[in-house]
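Here are a few notes to read alongside the model.

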Amino acid sequence: MKNKKIITISLVALLLLSCGVAATHFVRNTLYVDILAYMPKKISETSGLAILNGDVWTHNDTYGDNKLYRLNHDLTGIAQIVKVNNSHNFDWEDLAQDQQFLYIGDIGNNLASRKGGVIYKIDRKGLNQKQTVKSAEKLQFEYNDFVKGWFNKHNYDSEAITVVGDQLWLFTKKWKNEKTSLYQIDKSKINEVQHLNPVAEYPSKGLITGVDYNPKTATLAFIGYRRNKYLGYSFIWLVKVKDNKPDWSTGIYKRLGIYSQWEAIHWYGTGKLLITAERNPLNKAVIGIVDVQKLLDTGE
């Protein structure tokens, strides 16, 4: 009799666990992710994305080489590797771009071991014909409101930068409250440390791992994930920019149909987003597309 009770309790516990996992993954109206390719092994820690003259560029994150990788046109292989001299990959987390420069965000800070970070500014011209490139300038910054914390239990990590006008916008990955704060960096201030105050905090409902801005539609696209007792889930936000700030009241939030460690996001043609996920215990690093045109048109 005692054994039957144990078996019954175990079965109930297993059922509840299964329901919990199912609730995490089987959500109505999730966004479909069209997987385009597995990423080459050399960039299994893909973390940032840029598209320069139609070519897709990426890099590895923490303690990786200080190199940029250009993918071939079918996205399955590496067409070019460019070493960035006079730089160090402490924790490269994202790429941003304007008409003249590519920006590499060495901004990761899982351990809260530094008060800020550095962004390497590289001339885009002729980049696809080089094997090495010298970092043109360094944009260094510190958080004025920095508070020391523990591993993954603080609010001064970041994995997301993008260009908005004359500024670089940096969004934090706030481990403690799963929100995000915006810090604005002057692209022209070099050879000095910029001391940054937060512009505002926003209810991202999870950990932001990438961002890209579309100036034609004045829309920010965010990607991230939310931790869960079991597996968690991935999501995107689409947020309009008004008066030089994100207007979160316009925000559209959607879960992604595939949960993974999605790290990078970039606008890709009309109404589409290119995204990459780094390798994890369940899958290889991948690159895919999400179509958000209907969301932009209808908000649903």
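**Notes on the fold**

1. Of the 300 residues of the protein, 51% count as buried (under 20% relative accessible area with a 1.4 Å probe, protein chains only). Please keep in mind that this is a predicted model, where local features need pLDDT of at least 70, side-chain atom pairs count only at pLDDT 80 or more, and totals for chains, interfaces and linings use all residues. Residues are numbered from 1 along each chain as its sequence is written, and side-chain values use heavy atoms, with hydrogens and water left out.

2. The protein has two helices and 22 strands (DSSP runs numbered from the N terminus: H or I of at least four residues for helices, E of at least two for strands). Along the principal axes, the C-alpha trace spans about 75 × 45 × 40 Å.

3. Five strands form an open sheet with mixed pairing, in the order β2-β3-β4-β5-β9; strands pair if DSSP finds at least two bridges between them. β2 (46–52) and β9 (132–134) each have a single partner strand and stand at the edges, so one side of each lacks a neighbour in the sheet.

4. Within this sheet, β3 (residues 55–60) and β4 (residues 67–71) are antiparallel and share two bridges. W57 stands opposite R70 in β4.

5. Look next at β10 (residues 137–143), which runs antiparallel to β8 (residues 116–123) and is joined to β8 by six bridges. V118 stands opposite Q140 in β10. β10 also pairs with β14 (residues 193–196), in the parallel sense over four bridges, and there E142 has H195 as its bridge partner.

Methods:
Buried < 20%, exposed > 50% of the residue type's maximum accessible area, 1.4 Å probe, protein only.
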